[in-house]
Amino acid sequence: MKKPLLFVFVLLAGACGGDDEPGTVTLMTHDSFVVSDSVLDAFSAETGITVELLQAGDAGTMVSEAILTKDAPLADVMFGIDNTFLQRGLDAELFEAYESGNLGGVFPELRIDDQNRVTPIDFGDVCVNYWIDALPEGAAVPATLEDLTDPVYADQVVVQSPESSSPGLAFLLATINGTDDWEQYWADLVANGVSVTAGWEDAYYGEFTAGGGDRSIVVSYASSPPAEVIFADPPVDTAPTGVLLDSCFRQIEFAGILAGTDNRDEAEALIDFMLTPTFQEDVPLNMFVFPALESAALPTEFVEYAEIADDPQFIDPADIEANRDAWVERWVEIVLG
Amino acid sequence: MSRPFGLGARGVLVAVPAVFIAVFFFYPIATILWRGLGGGGGDTFLDLAASSRQRDIVWFTVWQAALSMVLTLAVGIAAASVVARLPARRQRLVRALVTVPFVLPTVVVAGAFTEVFTVTGLDDGGFRLRHTVWAILIAHVFFNYAVVVRAVGSYWAGLDHRMEEAARVLGAGAWQTFREVTLPRLRPAISSAAAIVFLFSFTSFGVVLILGGPRRATIETEIYRQAVTRVDLETAAALAAVQLVAVLALVVVSTRLERRRPIVGRGARSSRRPSAPLWRWGNLVVGLVLLGGPIGVLVERSFSTGSGYGLDHYVALGERARQLPAPATTALWNSVVFAVAATAIAVLVGLLASLVVVHGRRGIARIFDLGLTLPLGTSAVTIGFGMLIALDEPPLDLRTSWWIIPIAHALVGVPFVVRTMVPVLRSIDPVLHEAAAVLGASPARARREIDLPIGMRGLVVGAGFAFAVSLGEFGATSFLPRRPENLTAPIALFRLLSTPGDVLRGQAMALSVVLMVLVASAVLVIESGRGSDEGVF
């Protein structure tokens with residue numbers, strides 16, 4: 001009889017005492033968030049503030065969780081909401097506005113919220129990748145979105161469903177922005193034998209050349225070629241993959257102060273810090289995205305093997321939120337129908 | 001009939017499992033359903049019922065789960081017949097080995113299956129297995145094989161086989177003996193295993209998404225899509241309610257079957273005849289192809305490096321990959337600690353609950369049996385999000401506590417413990433209790449000295465399941481915000497596979513092989529306890 005009681009007691013004891021001590025800020029992120037220990041240590045040494053991290057699934061899950069817990073927020077700052085989910089967070093009034101003093105150094109085109117409820121921290125492009133040596137014989141490297149409907153690439157393309165995948169949604173948005181008639185475009189892709197998977201892993205490692213699959217063109221990221229070099233086995237000098245720049249949809253990741261925080265000062269300090277070179281230069285090799293700060297130096301692998309689209313595909317977050325469900329449903333009819 | 005337990009003891013028996021399930025399951029589920037449907041639930045249900053897509057999804061979910069169950073039972077019972085006749089030590093080894101798929105993340109298994117399909121020519125030209133319902137069914141058999149082999153096999157081993165021998169002596173053939181003598185006696189264990197397999201297939205997520213392809217959806221994947229991708233909480237909650245009702249209906253039916261008083265007679269010590277060589281080898285081949293194929297692919301990949309074969313990927317697990325907040329070895333350690341805690345909770349709650357189910361008042365027993373099985377058939381999104389919004393106030397602000405993870409894992413572990421223990425406890429011959437009473441033992445002492453040692457066989461098998469389930473759990477864990485230092489191995493594995501590069505992929509494969517070895521050895525250790533030996537008398 002004693003043991004069960006003891007267990008309940010331990011449970012209750014563990015439940016109490018979750019209050020933040022002064023000088024602590026809790027940062028809620030998606031699971032892809034990684035930062036070098038030395039970088040957070042530098043922040044703590046500088047400001048005396050301790051950062052507690054909370055990882056909350058993928059970006060979509062994180063935003064849903066933040067909306068569900070809005071009345072009793074789990075954290076002070078959220079990082080990792082991107083422009084495809086941004087409007088949802090803004091509509092739910094998740095954030096308190098804050099204009100960081102370091103915002104001036106950020107690429108102007110990333111500053112898409114004029115009320116500064118969220119602050120751009122990094123960006124990463126979702127782009128069509130191709131395995132250079134696996135392209136069909138006689139086929140040139142694809143250069144435009146329209147090229148993918150060319151019969152020379154028949155049965156070569158694999159994409160993710162926008163219903164279940166974030167890059168899948170980004171690529172759908174790229175085609176909506178980047179082709180004259182996106183519905184016809186997808187009908188053409190289907191006629192050309194496009195394959196659809198539920199998620200990125202299944203496309204990249206299941207059907208794309210990288211995992212031994214028989215398709216040489218896949219929707220992935222602009223940072224995938226440098227990753228293929230950095231994590232190559234055996235080491236290689238050149239990236240085996242290339243990026244179709246015309247297909248790139250820009251995903252900007254933001255940080256925002258969660259409404260109702262008790263640690264507003266610490267939250268502001270953390271956002272400021274995320275826009276310093278110390279944090280920004282740590283970003284590429286940990287999260288495989290590009291720094292938002294113009295002056296941040298890129299690691300050599302990114303300079304050599306990554307290409308950034310000059311004029312990426314982009315759609316206003318409010319338009320995405322207003323049309324997403326209709327677009328995705330239409331896509332399902334055309335492609336999976 | 002005399003009450004087997006005193007009033008105080010009975011209170012604890014009922015209270016601990018009741019409080020556990022009420023606080024960590026029903027309260028969160030009720031909260032999230034209320035949040036989703038509080039406004040105008042009726043209309044949402046009408047919309048659901050009117051949508052042909054949603055109707056199709058519900059129908060597909062039910063029939064693929066039913067078919068998965070039938071196939072798994074067919075393959076699993078055949079294997080169990082062989083396992084039950086092996087010497088105790090070898091039984092334990094087989095039971096440990098078949099548990100291996102439990103800890104494998106679907107993303108890894110799906111890749112391995114794709115490879116097997118390709119190698120065996122089942123995925124090219126006119127015949128593609130991938131993205132068909134057959135791929136889903138095969139994967140469900142792969143994952144659930146262990147449920148039947150372990151639950152039915154261990155129960156079978158405890159049956160008195162002299163009845164079969166008598167039947168054979170009287171001229172019955174092997175098949176007739178099985179059908180008319182063995183099968184009726186196995187029914188409690190089979191229906192128990194069947195319910196688990198059905199529920200696992202009913203709520204399977206990754207298998208449906210990855211192997212089934214983007215055209216397939218089940219209630220489980222649809223709840224995810226509505227709750228996370230579309231943030232349509234109302235529809236998600238309505239679907240969650242539909243899922244709950246369907247699961248409830250199934251569990252009611254299955255417990256009916258299970259409650260029929262089994263034909264007793266267990267625990268003969270004498271060694272039994274081994275099964276016929278052809279049958280034995282046939283089952284071995286099925287098991288090897290089914291489990292060995294995909295697992296072999298994983299093992300091969302984990303040793304394959306850029307320059308041949310080596311241990312590079314295993315060595316690399318000790319260093320932090322850039323995609324992870326901690327080294328993979330730390331994640332492995334965390335997972336083991338979580339699994340130990342989850343198993344302890346599941347065993348405690350499950351043991352007490354089983355005693356209530358078997359010996360408690362009819363009504364309470366019923367409710368316990370149903371209530372404790374429900375988490376198995378409930379979407380990870382519903383459980384995760386429910387805990388997130390329900391357990392947010394002292395004294396139960398557990399949302400970001402360390403405990404929330406083993407508790408969520410234990411929710412799935414408890415039904416395994418209950419469902420392996422209850423049939424065993426029910427099959428205890430009442431004559432034993434009568435004899436004990438005649439010899440002057442109090443009812444409590446009789447329980448302690450008769451039920452516990454015999455029930456131990458079910459308990460250790462259930463504990464092994466609870467451990468394996470926790471070690472491989474991904475869904476609910478990923479829907480609970482957690483501190484980076486609490487990284488679990490399945491989540492680390494998923495992270496490793498989310499950036500391109502052969503090195504990371506190799507590490508993910510090595511990590512899954514380590515997980516497999518870990519679960520097999522842990523289950524072996526757990527089941528080596530005295531109680532699981534064949535002859536308990």
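Q: Which residue in β3(A) stands opposite Leu27(A)?
A: That's Val77(A). This is a predicted model, where local features need pLDDT of at least 70, side-chain atom pairs count only at pLDDT 80 or more, and totals for chains, interfaces and linings use all residues. Residues are numbered from 1 along each chain as its sequence is written, while chains are lettered from A and ligands numbered from 1 in the order in which they are written.

Q: What makes β1(A) and β3(A) a pair?
A: Pairing takes at least two DSSP bridges between strands. β1(A) (residues 24-29) and β3(A) (residues 77-82) have three, in the parallel sense, so they count as paired.

Q: How do you know that β1(A) pairs with β2(A) as well?
A: Six bridges join β1(A) and β2(A), again in the parallel sense. Thr26(A), for one, stands opposite Glu52(A) in β2(A). Between these strands the chain runs through helix α2(A) (residues 37-47), and the β-α-β crossover is right-handed (clockwise from the first strand over the helix to the second, with the strands pointing away from the viewer).

Q: Why is β1(A) called largely enclosed by the rest of the structure?
A: Because five of its six residues are buried (20 or more other C-beta atoms within 10 Å of a residue's own, placed from the backbone).

Q: Why is α3(A) called roughly perpendicular to α10(B)?
A: The axes of α3(A) (residues 59-68) and α10(B) (residues 219-229) come within 8 Å and cross at roughly 65°. Roughly perpendicular covers 65 to 115 degrees, so α3(A) gets that label against α10(B). Gly60(A), Thr61(A) and Ser64(A) of α3(A) make the contact with Ala227(B), Val228(B) and Thr229(B) of α10(B) (contact means C-beta atoms, placed from the backbone, within 7 Å).

Methods
Axes fitted to C-alpha atoms, helices over the stretch in contact; angles between N-to-C directions. Helix = DSSP H or I, 4+ residues; strand = E, 2+ residues; numbered from the N terminus. Parallel < 35°, antiparallel > 145°, perpendicular 65-115°, else oblique. Contact = placed C-beta atoms within 7 Å. Buried ≥ 20, exposed ≤ 12 C-beta atoms within 10 Å, placed from the backbone.
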